[in-house]
Amino acid sequence: MQSFQFAGVQCSLLSSAAMMAGLALALTGTPAEAETEKAIFAGGCFWCVEEAFDKIDGVQETISGYSGGHTKNPTYEQVGREGTGHAEAVEVTFDNDKVSYKDLLYVFWRNIDPFVANRQFCDEGESYRSALFPLNDQQQELAEASKADIAQRFDQPIVTEITSAGPFYPAEDYHQNYHNTNPIRYTFYKNACGRPERLKQIWGDEAMPHEVPHAAS
């Protein structure tokens, strides 16, 4: 094992990653920052999509909003009237050291009905369509591969769209973290809408996962 002197302290060189983290801590007084990435998913009601990703270790933040449309700074009322082209969507910030985009795709599919267009469960309209909005070429490639895998599994058309992401507009404050700020109303809505029941019909024991299996990575 190699060693070196840094600021008068004997240090062990265990690995290049450990050395870099140690140098960052010594020079700045704070740990090295984790590598984060963003992704955008649309799966019907953004309250439910936000809850789905909040369960996953490595997800740092979820923001409900609107994506895939042509109107700048749309409001909830405008999107609901189906005049903006946007889908209710969630922007997910995640730690790449703990969870990958491929992992998040696994979670996404098992929280939607991929067989219906412009609808998810009891919610109908273009704004409730299921969609993936890749933010770079790698996400685009992984999204397309995952859709092909799902189509092969079920042997029927998958209507979930894959569209390059345009601007993402955060929704109004009262929509954010709704499953925690309004748990009774949220749970009543989700169950009355038939979301859990339909997901279990499609995905069985894989529906609404709380973690990602190693096989998904």
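Hi everyone. First, a word on what you are looking at: it is a predicted model, in which local features need pLDDT of at least 70, side-chain atom pairs count only at pLDDT 80 or more, and totals for chains, interfaces and linings use all residues. Residues are numbered from 1 along each chain as its sequence is written, and side-chain values use heavy atoms, with hydrogens and water left out.

Let's begin with the overall picture. The protein chain has eight helices and 10 strands. Both are DSSP runs numbered from the N terminus, with helices being H or I of at least four residues and strands being E of at least two. Of its 217 residues, 44% count as buried. Buried means under 20% relative accessible area, exposed means over 50%, and partly exposed is in between, using a 1.4 Å probe and protein chains only. Now for contacts, which means heavy atoms within 4.5 Å. Among those between residues at least 6 apart in sequence, 73% join residues at least 24 apart.

Next, the core. What is a nonpolar core here? It is a set of buried Ala, Val, Leu, Ile, Met, Phe, Trp, Tyr and Cys residues joined through side-chain atoms within 4.5 Å. The largest one has 41 residues, and Phe41 and Trp109 have the most contacts inside it. Elements giving two or more residues to this core include β3 (36–43), α2 (46–54), α4 and α5. Which element gives the largest share? That is α4, with six residues. Apart from this core lies another one, of eight residues, among them Ile40, Ala87, Phe133 and Phe168.

So how does α4 sit against α5? Helix α4 covers residues 101–109 and helix α5 covers 137–154; they pack at an angle of about 40°, with their axes 10 Å apart. Axes are lines fitted to C-alpha atoms, for helices over the stretch in contact, and angles run from 0 to 180 degrees between N-to-C directions. The two helices are therefore oblique to each other. For the cut-offs, angles under 35 degrees count as roughly parallel, over 145 as roughly antiparallel, 65 to 115 as roughly perpendicular, and the rest as oblique.

Who does the touching? From α4 we have Tyr101, Leu105 and Trp109, and they meet Gln139, Leu142, Ala143, Ser146, Lys147 and Ile150 in α5. By class, this contact has six nonpolar, two polar and one charged residues. In this scheme Ala, Val, Leu, Ile, Met, Phe, Trp, Tyr, Cys and Pro count as nonpolar, Asp, Glu, Lys and Arg as charged, and the others, Gly among them, as polar.

Let's zoom in on Leu142, which is found in α5. Is Leu142 buried or partly exposed? At 27% relative accessibility, Leu142 counts as partly exposed. Not counting residues up to four places away in sequence, Leu142 touches Tyr101 and Leu105. Its C-alpha atom is 6.6 Å from that of Lys102, a residue 40 places away along the chain.

At the other end of α4, please find Trp109. Leaving aside neighbours within four places in sequence, Trp109 contacts Pro114, Ile158 and Trp203, among others. Pro114 is in the loop between α4 and β6 (119–120), and at 0% relative accessibility Pro114 counts as buried. Among the contacts of Pro114 beyond four places in sequence are Trp109, Pro157, Ile158 and Trp203. Eight of its nine residues are buried, so α2 is largely enclosed by the rest of the structure. Among the buried ones are Phe46, Trp47, Cys48 and Glu51. The axes of α2 and α7 come within 11 Å and cross at roughly 105°, and the two helices are therefore roughly perpendicular to each other. Trp47, Cys48 and Glu51 of α2 make this contact with Tyr186, Tyr189 and Lys190 of α7. By class, that gives four nonpolar, no polar and two charged residues.

Last stop: Met208, in the segment after α8. Met208 has a positive phi of about 50° although it is not a glycine, and at 15% relative accessibility Met208 counts as buried.
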